[in-house]
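Hi,

Here is the structure I promised to send over.

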Amino acid sequence: MDPEVPVLSVTDLGIIRDILIEGDAVKVVITPTYTGCPAMDMISANIRMELLAHGIKNIEIRQMLAPAWTTDWMTEAGKQKLKEYGIAPPNPKQQICRDELFAADEAVACPLCNSFHTHRISEFGSTACKALYQCDDCKEPFDYFKCH
Ligand SMILES: [Zn+2]
């Protein structure tokens, strides 16, 4: 599971690029959600512990940085889990997200009442990969999982 969003698994996030099995050796290739994400070391350790718990001892976990992870790799089930957890899921990149950082505000739906009458309070929420928004209708503040 993602240590920052405990309802999301590594497969929900779409960060598992490859799994190679040769004899008793298992190699897992992961792409960090963003370079320098502090959660990645913990994710690697968790994958290792999970494999060890299944009796696999010959483990190699490798990071692949290119192509860079994008929120488009997150599964639909993962986006739904984020929303149920109270975090607005990333919008599909081709629709609203822009390439420039700190571009115009995105139309982000409130995960609680689905209103699009929301505004950004801060570029950074509880972690660097989220922004803090507030709903103008139900007044609830919420985290938005930023597109990138
Ligand atoms: Zn709302």
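This is a predicted model: local features need pLDDT of at least 70, side-chain atom pairs count only at pLDDT 80 or more; totals for chains, interfaces and linings use all residues.

Residues are numbered from 1 along each chain as its sequence is written, and side-chain values use heavy atoms, with hydrogens and water left out.

The zinc ion first. Its protein donors are the SG atoms of C110, C113, C135 and C138, 2.3 to 2.4 Å away. (Donors are N, O and S atoms within 2.8 Å of the metal, or 3.2 Å for Na, K and Ca; water is not among the atoms, so sites may look incomplete.) The site is tetrahedral, with angles of 105 to 119° among the 4 donor atoms; four donors get that label if all angles lie between 85 and 135 degrees. Along the sequence the spacing reads C-x2-C-x21-C-x2-C. C110 sits in the loop between strand 4 (87-88) and strand 5 (118-122), and C138 in the loop between strand 6 (130-135) and strand 7 (141-145), so this pair ties together parts that are 28 residues apart in sequence. (Strands are DSSP runs of E, at least two residues, and helices are runs of H or I, at least four, numbered from the N terminus.)

One is open, with 4 strands in the order 4-7-6-5 and mixed pairing; two strands pair if DSSP finds at least two bridges between them. Strands 4 and 5 are at the edges with a single partner each, so one side of each has no neighbour in the sheet. Strands 6 and 7 run antiparallel, joined by 5 bridges, and L132 stands opposite D143 in strand 7.

The other open sheet has 3 strands in the order 1-2-3, again with mixed pairing. Strand 2 (residues 25-30) runs parallel to strand 3, with 6 bridges joining them, and V28 stands opposite I61 in strand 3. Helix 2 (residues 39-53) packs on this sheet and touches strand 1, strand 2 and strand 3; contact means heavy atoms within 4.5 Å.

Cheers

Definitions and conventions: Four donors count as tetrahedral if all angles lie between 85 and 135 degrees; four count as square planar and six as octahedral if opposite donors are over 155 degrees apart and all others between 65 and 115; anything else is irregular. Axes are lines fitted to C-alpha atoms, for helices over the stretch in contact, and angles run from 0 to 180 degrees between N-to-C directions.
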